[in-house]
There are 2 protein chains.
Amino acid sequence: MATIADVAAAAGVSTSTVSYVLSGRRPISPATRARVEASIAELGYRPHAGARALAGRHTNVLALAAPLRSDINVPVIMQFVTSVVTAARSYDHDVLLLTNDEGSAGLERVAGSAMVDALIVMDIESDDARIPVLRRLRQPAVLIGLPNRPGGISCVDLDFASAGFTAVAHLAEHGHRTVGLIGPPPAVYQRGTSYATRFLAGFADAVEEYGLASASHPCEPTFDGALACLNRIDEELPGVSALVVHNEAALSPLLGILRSSGRRVPEDVSVVAICPEDVALGLPIRMTSVDIPGHQLGALAVERVMSLLRGERGAETRLLAPSLAERGSCADAPIG
Amino acid sequence: MATIADVAAAAGVSTSTVSYVLSGRRPISPATRARVEASIAELGYRPHAGARALAGRHTNVLALAAPLRSDINVPVIMQFVTSVVTAARSYDHDVLLLTNDEGSAGLERVAGSAMVDALIVMDIESDDARIPVLRRLRQPAVLIGLPNRPGGISCVDLDFASAGFTAVAHLAEHGHRTVGLIGPPPAVYQRGTSYATRFLAGFADAVEEYGLASASHPCEPTFDGALACLNRIDEELPGVSALVVHNEAALSPLLGILRSSGRRVPEDVSVVAICPEDVALGLPIRMTSVDIPGHQLGALAVERVMSLLRGERGAETRLLAPSLAERGSCADAPIG
DNA sequence: GAGGGAAGTCGAAGCGCTTCGACCTGCGCA
DNA sequence: TGCGCAGGTCGAAGCGCTTCGACTTCCCTC
């Protein structure tokens, strides 16, 4: 492989000149620049990443710690990962993928050995053990999610509390007096993943604010899970006229169950989903939904990382306001 | 951050000795080793990855080029990614994630700049433009998928032709004489992604072998897509008694459609799905399926890479035999 | 016409690691 | 007694890049 010395020799300049052509950190005459660039192209030269990292003290690589369980939430996670990689590339960075299974160890490893310049961590729990670790690393970090005590680390997330509130408010404004919440799988609550709790809190706030009756349950992401969850809600809230579904995988089974039991959406029961837009659009009916803007959040996290890398300080946390898209799965509550 | 020189000083040895303790490439006395290891622990020393890459000529990083579209096939892709990362870690390697959007450029970039030791490429098209590129790289590569002309590059995949055959054979052995195939989305065929074609070929072979009547169509991964596809099959093959579904996303809508049109599975129509096991198990009914062993394939690809890295030559391609799990969604064909 | 500064280039000193050759010691064997 | 050899350790030479200081021109300004 060609080295910078080969390029320098071919162009008849010193290696430092080649380096400055590449980095633009010092003025270079057009003539020299042209010769150097020609040699680079001719030799197919690419700077050695390791050498660069060693001398330049940065790698242009980001670490992304993602929950690579294949069981739940797959589409949202995929959106995050995709958008982080894409956004990172637009800043000329690459992405090293870590699984959350490795926990703190993975973060310490890649940061400690200077493999990455910064870290993005997904699937944050309320009291996430990785936060103290992140804080003592020398690399900047951004969380996708919101722990109880970010302690100086930037966070980026959907405002799930507000999303919960919005969903219920929409239903209440349609005159519904009872609302059931089909929540994420129990495992999500058990891990203390904060978005579930925050959503629930916003949901409860709105229920109180509007003086509604409610029932909420976690839901396994299978047909049987959806069935069981719906049954419990029906039991606790006979004649329930509105449903909020914060569980992508349960969405499709749920609609099947409603249809086959003769309950029409939205005539008999109104439904609001919390899910990525494309999931909502793939459903058998036009589904009113509060978007989980995975693409936007991933890109935002990368932008935040880049500004930290640029040296801008401060741990801004941004919670995106939810936006509810009406698609017709909510109707006015039946009178009486 | 502590360097190897700090560790050496603390342990009262030379840096080369520390290096040999770490690499095990030369004998070290137990006493020295102990002192060095103590210093390492005390200083929290971690070798600098860049320096290592520069001096040692390898990075312990693998590139994984994955199709990060969030639209289709999400669960399978997630399985691949997860298992590649996990397997790589078990060999003390990390994974740099590339999107297929970058195409050959991404591969050339990370290989050319020596960021990675080897590459794993997913979502291979029959005549994939990346193959010649891969061939001229100095790093070993493994394909997850099967192009027409691998040209000396190792491949790993499910034997989709055989999977297609198996599915039809199973149905034929239940006495079915007509079989419809609900295929992947049109985009998959258009890209020339080889698994779709291979599956179709195996399907056709079996149809001929058993003398069946068949109809097959691509299918958009939405409710409407599934409906349209099923309608076309019904039209072309009135009274069709068996369905093969090679489209995860269409599975759940399809079952809903069948149920609400009063067709029972398996009494009125037998169904075989081609999908990962956990997708099959999450369905409303117990679904007989041919497994897409994502986890196994990812791990296999990594093993192959590792053996190439070890210097073993030869471009073995492994097509895993499909395994059909009977779960009761196929019954004997109605008589007459 | 002298002095100052910007533009453009070079040389050399690292960055932190691996590895090669050399060296020293102590042991077994002829 | 002397020699060879294995075990154990060190020093130094890179690996390919960035960056700092220094140097040379050339142009402006006073």
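**Entry 1: a glycine in a loop**

I count two residues as in contact if their C-beta atoms, placed from the backbone, lie within 7 Å. The model I am looking at is predicted.

I started with G152(B). Where does G152(B) lie? I found G152(B) in the loop between β4 (141-144) and β5 (154-158) of chain B. Next I asked: is G152(B) buried or exposed? G152(B) counts as exposed, because 12 C-beta neighbours lie inside 10 Å and the cut-off for exposed is 12 or fewer. I then looked up its contacts, leaving aside neighbours within four places in sequence. They are R135(B) and A315(B). I also checked G152(B) against Y189(B). The two are 37 residues apart in sequence, and their C-alpha atoms are 25 Å apart in space.

**Entry 2: a leucine in a helix**

I moved to L297(B), which lies in helix α14 (residues 294-309) of chain B. Why does L297(B) count as buried? I found 23 other C-beta atoms within 10 Å of L297(B), so this residue is buried; the cut-off is 20 or more. I set aside neighbours within four places in sequence and listed what L297(B) touches. The contacts are F80(B), I144(B), V156(B), D157(B), L158(B) and L320(B). I picked I144(B) from that list. L297(B) and I144(B) are 153 residues apart in sequence, yet 7.5 Å apart in space, C-alpha to C-alpha.

**Entry 3: the sheet in chain A**

I traced an open sheet of 6 strands in chain A. The order is β7-β6-β8-β9-β10-β12, and the pairing is mixed. Which strands are at the edges? They are β7 (213-217) and β12 (324-325) of chain A, and each pairs on one side only.

I followed the β12(A) end. Strand β10 (residues 289-291) of chain A pairs with β12(A) in the antiparallel sense, over 2 bridges. There I saw that S289(A) has A325(A) in β12(A) as its bridge partner.

Then I looked for helices on the sheet. Helix α10 (residues 194-209) of chain A packs on the sheet and touches β6 (178-182), β7 and β8 (242-245) of chain A. The direction of α10(A) makes about 165° with that of β7(A). Helix α11 (residues 223-236) of chain A also packs on the sheet, touching β6 and β7 of chain A. For α11(A), the angle with β7(A) is about 155°.

**Entry 4: two helices in chain B**

I looked at how helix α1 (residues 4-11) of chain B meets α2(B). Their axes come within 8 Å and cross at roughly 100°. So α1(B) is roughly perpendicular to α2(B).

Which residues of α1(B) and α2(B) meet? From α1(B) I listed I4(B), A5(B), V7(B), A8(B) and A11(B). From α2(B) I listed T15(B), T17(B), V18(B) and S19(B). By class, this contact has 6 nonpolar, 3 polar and no charged residues.

**Entry 5: around the DNA**

I took DNA strand C next. I found 29 residues around DNA strand C. The closest are S16(A), P27(A), I4(B), S16(B) and A55(B). α2 and α4 of chain A and α2 and α4 of chain B each supply at least two residues of this surface. Which element gives the most near DNA strand C? α2(B) does, with 6 residues. The surface divides into 13 nonpolar, 13 polar and 3 charged residues.

Then I turned to DNA strand D. Of the 29 residues around DNA strand D, the nearest are I4(A), S16(A), A55(A), S16(B) and P27(B). The elements that give two or more residues are α2 (15-23) and α4 (49-56) of chain A together with α2 (15-23) and α4 (49-56) of chain B. Here α2(A) gives the most, with 6 residues. I noted 13 nonpolar, 13 polar and 3 charged residues near DNA strand D.

**Entry 6: where the chains meet**

Last, I checked chain B against chain A. How many residues of chain B are in contact with chain A? I found 44, in contact with 44 residues of chain A. On the chain B side, α4, α5 (74-90), β2 (94-99), α6 (103-112) and α12 (248-260) each supply at least two residues. The largest share, 9 residues, comes from α5(B). By class, I noted 22 nonpolar, 15 polar and 7 charged residues on this side.

I also found strands paired across the two chains. Strand β2 (residues 94-99) of chain A and β2(B) run antiparallel, joined by 3 bridges. L96(A) has L96(B) as its bridge partner in β2(B).

Definitions and conventions: Residues are numbered from 1 along each chain as its sequence is written. Chains are lettered from A and ligands numbered from 1 in the order in which they are written. This is a predicted model: local features need pLDDT of at least 70, side-chain atom pairs count only at pLDDT 80 or more; totals for chains, interfaces and linings use all residues. A residue is near a molecule or strand if its C-beta atom, placed from the backbone, lies within 6 Å of it. Helices (H or I, at least four residues) and strands (E, at least two) are DSSP runs, numbered from the N terminus. Ala, Val, Leu, Ile, Met, Phe, Trp, Tyr, Cys and Pro count as nonpolar, Asp, Glu, Lys and Arg as charged, and the others, Gly among them, as polar. Two strands pair if DSSP finds at least two bridges between them. Axes are lines fitted to C-alpha atoms, for helices over the stretch in contact, and angles run from 0 to 180 degrees between N-to-C directions. Angles under 35 degrees count as roughly parallel, over 145 as roughly antiparallel, 65 to 115 as roughly perpendicular and the rest as oblique.
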